[in-house]
Amino acid sequence: MPDTSPRGLTRLTFGGDYNPEQWPESVWQEDVRLMREAGVTMVSVGIFSWALLEPAPGEYDFGWLDRVIGLLHENGIRVDLGTPTVAPPAWFYRAHPEALPVTADGTRYEFGSRGAICHSNADYRAAAGAITVKLAERYGDHPALALWHVHNEYGVPVSACYCDSCAAHFRRWLARTHGTVEAVNEAWGTAFWGQHYTGFEQINPPRATPTVGNPGQALDYKRFADATIRENFTAERDILHRLSPGVPVTTNFMTALSQCDSIDYWAWGREVDLVTNDHYLITDGRRTHVNLAMAADLTRSVAGGAPWLLLEHSASGVNWQPRNPAKAPGQMARNSLGHVARGSEGAMFFQWRQSRRGAEKFHSSMLPHGGTDTRVWREVVELGASVESLSPVRGTRTEADAAMLWDWQSWWAQNLAWRPSADHDPRERADSFYEALYDRHRTVDFAHPEADLSAYPLVVVPALYLMTEAAGNNVREYVENGGTLVVSYFSGIVDEHDAVHEGAYPGALRDVLGLTVEEFSPLLKDERVRLTGTDGSELTGDVWTEFVVPRGAETVWTYADGLTAGRPAVTRHPLGHGTAWYVSTRLDAQGLDALIGRAADDARLAPRADLPRDVEVVRRSGESGTYLFAINHTAGDTKVPLESPGTELLTGERAAGRLPVPAGAVRVVRLDG
């Protein structure tokens, strides 16, 4: 496979977004001096600079960018160069106000923020292509150039526009996707409520309607919006490939389920040369390191297991939540190296120098307002040295022992209006199942429902409302060949058009699970049910129950009360050489742990009870060796067992037997052999 890592880098990447245009040139020399002190190897430049690079239509000013890139090159710092197409200039919107996006209720946004773009607009597409050509012609073979960075965080904050230009584009997309208007009628079920179309020209985007609109139309529009944005990315990418061959092209994803829900990252992962991601902690009282691990695992999976790059995260607090606490001492390093453990080829931040003006002036940075005599700066310098010492892990891959099926398009369909319960949240189930696996010290790959699952002894399906027939056949084959499957409620219900599968629920999954569901019976707010097990154990469920009928499956836990009392709640179905589990209610953390424990026994996954809670142990391996990452998120010292002796890379010390990991610390051992 071709090398898609940043060109010219032989170490792990360390640095951040650099916005020198916010500062007088007298500051630039100090910036690069401090970058060298901190061990910075690459910075991202030019992402929001369109208005300065093209101050008037067709008039370009590259002098300042020439000087910045030259200065960075002289100091041995590589450049991730942005195409600034996320923020068109004011003059562009003055000339083309129709390029501003329109909401479903007809409101047109104004200039003054970022990402306010109608991605169907021909004038925007032409202008974005023109500035990309100019940048590629000028810098495409610059010796400092390591990576091209197209746009910024596609899908945030605007993922869809509902203007007339988008309506025309949507009709063309429907014709390509479905072929005929009759096929659209069939896919959307327009016979319901008299919504039948006789020509494509009659179809508009799903704009505001008196009550709920057509769900098939809404789902297709989400697909269309995602595909339209991706068209603009690939147009810029292809320009860069043509004019700057050999330099990888990326755009920064936001794969965390807490941060972007409008992009199908399975599709996007196939279009970039290098998968990169931005991740910010959601400080809502949850264990933030679990969300971080989940996002890193998801990003690695979008990359097909290959190394990827953390392109943005925060040195300390962010600025856009209702409450933005600082990171605790040592947390910056744990967060950064946690991403590295799970496959990132380094750690980048937003941003290098903290802004004095603008909407993000209170967002933490590598170089804070307080300068070098600050805790954050001292931790940045220490982290830079740690990242350099971990360069031997470059090119290795993270090892996983379980998989979770996830599909963004299923998430879109699930979140449409008029589902059986507003309290069922697919993201919550994904978070909870992931946390249950995390607490059992399992490293998780995510997989598309139609992907090859044969490498995994255990596969978990936390929320897969939309499931194609091919996906159903895929998981059945997985179980028949010896895999262990765990499925949560309201999965396998509809096909790719949001049409209920023929026959009883759960449609695409009923054969592999060995059961049918007669009826959903969601619970009222704060209502709970008890479950009793064949072994005498008791669990608790809420939000959802079902009338389950076993058809080959055995009952493991039964509803003890509620409308479904006496009915199966959790079942186990031996099929071929494997086993499929089904849980028909929302279990709490204790119940999920019990369920995952039983399934792990079926999968012959040995327990890891000798590891404390909130101590991560993750392995990366490759030609350069095997590396064990131990990350202690607790306030107490601990010891982690080593399967063989080795050398701890951060301290240089030899390690054997049980590796000491101080409170809040990270240790990385290159194992012998």
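Mentor: Let's begin with D66, which is partly exposed because its relative accessibility is 27%, between the 20% limit for buried and the 50% limit for exposed. This is a predicted model, so please read every value here as computed from it. The partner of D66 is R138, and their closest N and O atoms are 2.6 Å apart in a salt bridge. D66 belongs to helix α3 (residues 63–74) and R138 to helix α5 (residues 122–139), so the bridge ties together parts that are 72 residues apart in sequence. R138 also counts as partly exposed, since its relative accessibility is 42%.

Now for a pair with another setting. E30 and R353 join their side chains in a salt bridge, at 3.4 Å from N to O. E30 is partly exposed, at 35% relative accessibility. R353, in turn, is buried because its relative accessible area is 14%, which is under the 20% cut-off.

R223 and D220 form a salt bridge whose closest N and O atoms are 3.3 Å apart. Both residues lie in helix α8 (residues 215–243), three residues apart, or about one turn of the helix. R223 counts as buried at 14% relative accessibility, and D220 is buried too, with a relative accessible area of 4%.

Salt bridges can also be joined up: R287, E435, D439, R613 and D614 are linked in a network of them.

To place these pairs in the whole, the structure holds 43 salt bridges. The protein carries 62 positive and 86 negative side chains, and the centres of these two sets lie 4 Å apart. Of its 673 residues, 60% count as buried. The fold is made up of 17 helices and 29 strands. Among contacts with a separation of 6 or more, 72% come from residues 24 or more positions apart.

As for overall dimensions, the radius of gyration is 26 Å, which agrees with the value near 26 Å for a compact globule of 673 residues. The C-alpha trace spans about 75 × 75 × 45 Å along its principal axes. The accessible surface comes to about 26100 Å², and carbon and sulfur atoms account for 49% of that surface.

Key
Residues are numbered from 1 along each chain as its sequence is written. This is a predicted model: local features need pLDDT of at least 70, side-chain atom pairs count only at pLDDT 80 or more; totals for chains, interfaces and linings use all residues. Side-chain values use heavy atoms; hydrogens and water are left out. Helices (H or I, at least four residues) and strands (E, at least two) are DSSP runs, numbered from the N terminus. The radius of gyration is taken over C-alpha atoms; the globule rule is 2.2 Å times the number of residues to the power 0.38. Buried means under 20% relative accessible area, exposed over 50%, partly exposed in between (1.4 Å probe, protein chains only). Contact means heavy atoms within 4.5 Å. Accessible areas come from the Shrake-Rupley method with a 1.4 Å probe; for residues, only the protein chains shown count as cover. Lys and Arg count as positive and Asp and Glu as negative; His and the chain ends are not counted. The place of a charge is taken as NZ of Lys, CZ of Arg, CG of Asp or CD of Glu. A salt bridge is a side-chain nitrogen of Lys or Arg within 4 Å of a carboxyl oxygen of Asp or Glu.
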